[in-house]
Amino acid sequence: MKKITFALLLAGAFGTATAQDGNNICVFNAIKNYGEGGGGAALEDGIKCSDEAIVNEKTANVSKTWFYRGNLFTVVATDKDLKGKHPEACLEASKAFTKLNAIADPKFKDWEDANRYLDAV
């Protein structure tokens, strides 16, 4: 009985951790799909996931939440079809990279890319 209870608790904990990170994975996949020819619809899905990730208490202060958001809105700002629909994209990207810098996560390893994206915005 103890083994079954432990297994259920472990499975529940893993499922919760995976669900919390799901929005970040969604944003990453949206950017990847767009790069592979997925079009603006992929980015629209990514925006929804990113909006959810920044208000979720488990992901709101995670560096990759803000890195992916900044990257996403940088791509949106350069897409000819979406930049008119999302005129705030450059501002959102800038805010995201500013928040990423404020978090200053020592485990975050993509600072060079983040600063390059910030310079592009």
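Visitor: Why is glutamate 44 called buried?
Guide: Buried means under 20% relative accessible area, exposed over 50% and partly exposed in between, with a 1.4 Å probe and protein chains only; glutamate 44 has 17% relative accessibility, and therefore counts as buried. Please keep in mind that this is a predicted model, in which local features need pLDDT of at least 70 and side-chain atom pairs count only at pLDDT 80 or more, while totals for chains, interfaces and linings use all residues. Residues are numbered from 1 along each chain as its sequence is written, and side-chain values use heavy atoms, with hydrogens and water left out.

Visitor: What is glutamate 44 in contact with, leaving aside its neighbours within four places in sequence?
Guide: Contact means heavy atoms within 4.5 Å, and on that basis glutamate 44 is in contact with Leu82, Lys85 and His86. Glutamate 44 itself lies in helix H2, residues 40–55; helices (H or I, at least four residues) and strands (E, at least two) are DSSP runs, numbered from the N terminus.

Visitor: How many helices and strands are there in the protein?
Guide: The protein has 6 helices and 0 strands, and buried residues make up 33% of its 121 residues.

Visitor: What makes H3 roughly antiparallel to H5?
Guide: Helix H3 (residues 63–78) and helix H5 (residues 89–103) pack at an angle of about 160 degrees, with their axes 8 Å apart. Axes are lines fitted to C-alpha atoms, for helices over the stretch in contact, and angles run from 0 to 180 degrees between N-to-C directions. Angles under 35 degrees count as roughly parallel, over 145 as roughly antiparallel, 65 to 115 as roughly perpendicular and the rest as oblique, so H3 is roughly antiparallel to H5.

Visitor: Which residues of H3 and H5 meet?
Guide: Among them are Trp66, Phe67 and Phe73 in H3, and Ala93, Phe97 and Leu100 in H5.

Visitor: What is phi of alanine 104 near?
Guide: Phi of alanine 104 is near 50 degrees, a positive value in a residue other than glycine. Most residues other than glycine have a negative phi.
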